[in-house]
Amino acid sequence: MKERVQVEVGDRGMPTGDAGASKMWNRADLPVGLGWTLAAVVALVSSAMLLHESASWSLDYAMVGGRAVNMRAYSCDAHSLGLVFGYAITQINASWFARRVRDVPTWVAFFAVQFVDVLAFYWLMEGTGPVFAVVVVQFLGAASGAMFFVAASQAAATLTPRQFVLSAVAVIGGTTLVVQGLFSVLETNAPLFVSELLHLALVGTALLCTLKALSPSSCLVAAWNEMSYLPIRSQTGTPEEGEGGVDGSASAAAVGRKAEADQATGFLPQGARPARPRRKIPLCVRLFLIVGVYGGVFGFLHVVPLAIPLGVVARVSSFLIGGALALGLFAVTMPAARARDVSRIWTCFYRFVFPVVTVAALLGPLTASTEFLPALVMQACALYYFDALLATACYAVCQAIHAAPFQVFGRAFLIRSVGFLIGNVIGSAVHDVVVLDTAAFSVVGTAVFVLLCLVTFNMNSERYAKTVWGLLPHEDPRGRFDRRRVERCDALAAARGLTEREAQVLRLLAEGRRPKEISETLVVSVATVRSHVHAIYTKANVHSADELAALIREDGRPE
């Protein structure tokens, strides 16, 4: 009979049993269905991006209403507007969206629309339909890709930091290779129907992977079935720095209590109405402004190549080289151990995204002799690195406030897409009225530099990053106890060399979870959980649950 032990750190005890030592990258340690989820995201997001990229490769000026219209600019606007619409749909009625995600027939209908959309796109590209219909098809494709991305982002709730970082690299790298690698080669070396067949195969692959990812035991379904997510609430700014809660904000109740005290002590005349506290803007608006402005800069720079002659090699090389540089920089500057550190993410943001995108804007007039390749490479590098950091920040926020990932990812990328759309529109207008010569490029680079300086260094963001821009709630005694328990578990994990998954199991043990509950939370087998528990006991050099609980209370200090 297996020994039954209890860890008296959380609310309930937990049975454990003997098992072998665990390995950090044991196949059984990965959440069930994670691979299918990532493959579905890469396939469907690539399909949505291909609708836009293929149109940009093929479209040019067309006569509409008796005047020449740059259809490539309209293509960019339609794609950006579709992203905004798709992200907005997921957030306007979150409960409706959550119900639809769990419904398999909804997904079948969703992919039926994708097949029709792709068929219509290639039919229109043959010149057999109205040219503006291509724009509508791209809008639908972009909106579908955004909704699918948000639905799949919910699986982040089941991932360790290392698993999330590798997943982000896999998604960004996979979509770049498919769109800018495989299909760009087909554009120049294969008939259109070959691209159409492979594009349909891509949608079919996404459908099959999605059905696999929606199996009852998968991490995606488990994340959507989780009922303990907390609502997202942001605190507000303050009249005076240093007052109030964790972000220095003073509550309206505190202001009211101060007014009552003033009346009691004679500082405020009896019967006089105290001044109402000023309505403050939520601190997260600062973060949204930063994300939106950077998105706007990327959107503006995205349409600049419309005005310069580019060959296929220069266009494709810029994305492939820029993507490789961005993912390499991301791997070096964002170690998995810091993926939940919002302050670290913000540091990477202003140390790397700001200078790279500024250099990309300033390099324009200096790189005309090389088809602007260095400037475009820097631009692509900044964009991919920005998206990787933004996704990591969303993951860190979800972990910090235990919010539903689809709401955090959806809102963040909605703001980014709104900014990108505004930048697209402004860039298209500039393209129509300004000749982008050396002088114009210099003005654009200077304007980008000044704008990014204003939003990057004048928002006091390094201070607010520590409280996730006001999203961290004020701590009650229970919340303070939970936070300190997590800190003690993390200290023990660091002191005894526990792997990320073992540290995750240790935190759940401290909450009083049982093996079956932990297996359901992490979407792994009960045997895998018991293996991790055995490894924790071995590395911590304890022989009972009481010894482990005592060690956690001692902050994990080694003997």
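The legends below describe close-up views of a predicted model.

View 1. Helix α18 spans residues 500-510 and is mostly covered, with 11 of its 11 residues buried. After α18 comes G512, a residue whose phi is positive, near 90 degrees.

**View 2. The salt bridge between E500 and R162.** A search of the whole structure finds seven salt bridges, and one of them is formed by E500 and R162, whose closest N and O atoms are 3.8 Å apart. This pair links distant parts of the chain, since E500 belongs to helix α18 and R162 to helix α6 (residues 161-189), and the two residues are 338 residues apart.

View 3. The side chains of D387 and R416 meet in a salt bridge, at 3.0 Å from N to O. Because D387 lies in helix α13 (residues 373-401) and R416 in helix α14 (residues 405-433), the pair ties together parts of the chain that are 29 residues apart in sequence. D387 counts as buried at 15% relative accessibility, and R416 is also buried, with a relative accessible area of 10%. The loop between α13 and α14 contains H402, a residue other than glycine whose phi is positive, near 55 degrees. Most residues other than glycine have a negative phi. H402 is partly exposed, with a relative accessible area of 35%.

**View 4. The loop between α20 and α21.** N541 is found in the loop that runs between helix α20 (526-540) and helix α21 (545-553). The phi of N541 is near 60 degrees, a positive value in a residue other than glycine. At 42% relative accessibility, N541 counts as partly exposed.

**View 5. The packing of helices α10 and α12.** Two packed helices are described by the angle between their axes and the distance between the axes. For helix α10 (residues 284-303) and helix α12 (residues 342-362), the angle is about 25 degrees and the axes are 12 Å apart. Angles under 35 degrees count as roughly parallel, and α10 and α12 are therefore roughly parallel to each other. The crossing in which α10 passes α12 is left-handed.

**View 6. Approaches between residues that are separated in sequence.** V444, found in helix α15 (residues 438-457), is 82 residues from L362 in sequence, yet the C-alpha atoms of V444 and L362 are 7.8 Å apart in space. V444 counts as buried, at 15% relative accessibility. In a second example, the C-alpha atoms of G181 and S317 are separated by 9.0 Å, although the two residues are 136 residues apart along the chain. G181 is found in helix α6 and is buried, with a relative accessible area of 17%.

View 7. The side chains of V104, V108, L208 and L211 make a nonpolar surface patch of about 330 Å². Helices α4 (104-125) and α7 (192-213) each supply at least two residues of this patch. Among the contributing residues, L208 lies in helix α7 and counts as exposed, at 57% relative accessibility.

Note on methods: Residues numbered from 1 in each chain as written. Predicted model: local features only at pLDDT ≥ 70, side-chain atom pairs only at ≥ 80, totals over all residues. Heavy atoms only, no water. Patch = residues over 30% accessible without salt bridge, like charges linked within 9 Å, V, L, I, M, F, W, Y side chains within 5 Å. Areas by Shrake-Rupley, 256 points an atom, 1.4 Å probe, with all protein chains shown as cover. Salt bridge = Lys/Arg side-chain N within 4 Å of Asp/Glu carboxyl O. Helix = DSSP H or I, 4+ residues; strand = E, 2+ residues; numbered from the N terminus. Buried < 20%, exposed > 50% of the residue type's maximum accessible area, 1.4 Å probe, protein only. Axes fitted to C-alpha atoms, helices over the stretch in contact; angles between N-to-C directions. Parallel < 35°, antiparallel > 145°, perpendicular 65-115°, else oblique. Left-handed = near helix turned anticlockwise from the far one by under 90°.
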